[in-house]
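Subject: Structure handover

Hello,

Here is the structure we discussed. Please look it over before you read my notes.

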Amino acid sequence: MADEHDHEHAHDHEQDEATAAPKVVGEEPDLSKGTARPITVVGNPVLHRETRTVTAFDADLSALIDDMFQSMYAAEGVGLAANQIGVDAKVFVYDCPDDEGVRHIGHVVNPVLEDLPSARRVLDDSPEGCLSVPTAYMELARPDFAAVTGQDKDGNPVRVEGSGFFARCLQHETDHLYGYLYIDRLSKRDRKDALRQMAEGTPRYATVPNE
Ligand SMILES: [Zn+2]
């Protein structure tokens, strides 16, 4: 997920952050490990089909997660799915604020989005962006709460939940691993607008050219 999200929210919490260090849920990755890789963009087949379930919780998986964090930070994103660096595997990473100014950091392997009881479905229609649709932003209504179950890199079960912008991120990244981009959830007209924005902009990070 791209980073130009909630400048209003960031502004809301400016004062809190000036007086207290922002709360962090999760652990910052070791940035001495891993290498940033270029980002795949809409049209690349790896983004448009369901990725493979991870079955090997080994050193390769750890190395992939290291590369994913590096790639996400290099592109100034707040979330990244493995197929966004061309890898066909169900893994995403995130370093994303929620609407209360809490910073969430982590990874989920084989994520599955929990169904929400309809009573909890409050839609939020903030703007959304994606590193794989560079320079485009469109409003998209999504539930303002989400929970994902899956595994960590060692195969232990994990559950991650969040609200506000972080809920959006969890939904967005899980969608990626099932072959969906946020623009696939837009009206035809909004999708066209997003693709036009992308055509007119220049990404500030390395991308994989489409054939
Ligand atoms: Zn994305």
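This is a predicted model: local features need pLDDT of at least 70, side-chain atom pairs count only at pLDDT 80 or more; totals for chains, interfaces and linings use all residues.

Below are notes on an annotated site and on one strand with its partners.

Annotated site. The UniProt record, an unreviewed entry, assigns the feature "binding site" to Cys 130, His 172 and His 176. These residues span 47 positions in sequence, but no two of their C-alpha atoms are more than 10.1 Å apart, so they gather at one spot.

Cys 130 sits in the loop between strand S7 (127-129) and strand S8 (137-139). Cys 130 has 29 C-beta neighbours inside 10 Å and therefore counts as buried, the cut-off being 20 or more. Apart from neighbours within four places in sequence, Cys 130 contacts Met 1, Ala 2, Leu 181 and Tyr 182.

His 172 belongs to helix H4 (residues 164-177). His 172 is buried too, with 27 other C-beta atoms within 10 Å. With residues up to four places away in sequence left out, His 172 touches Met 1, Gly 79, Glu 128 and Tyr 182.

Strand S10. In S10 (residues 145-151), Ala 146, Val 148 and Gly 150 form the covered face, while Phe 145, Ala 147, Thr 149 and Gln 151 form the uncovered one. S10 pairs antiparallel with strand S5 (residues 103-113) over three bridges; there, Val 109 has Gln 151 of S10 as its bridge partner. S10 also pairs antiparallel with strand S11 (residues 157-163), over seven bridges, and Ala 146 is bridged to Gly 162 of S11. Five residues lie between the strands in the hairpin of S10 and S11, where Gly 155 adopts a positive phi near 90 degrees.

Regards

Technical notes: Residues are numbered from 1 along each chain as its sequence is written. A residue is buried if 20 or more other C-beta atoms lie within 10 Å of its own, exposed if 12 or fewer, and partly exposed in between; C-beta atoms are placed from the backbone. Helices (H or I, at least four residues) and strands (E, at least two) are DSSP runs, numbered from the N terminus. Two strands pair if DSSP finds at least two bridges between them. UniProt positions are given in the numbering used here, feature names are shortened, and annotations may be inferred rather than shown by experiment. Two residues are in contact if their C-beta atoms, placed from the backbone, lie within 7 Å.
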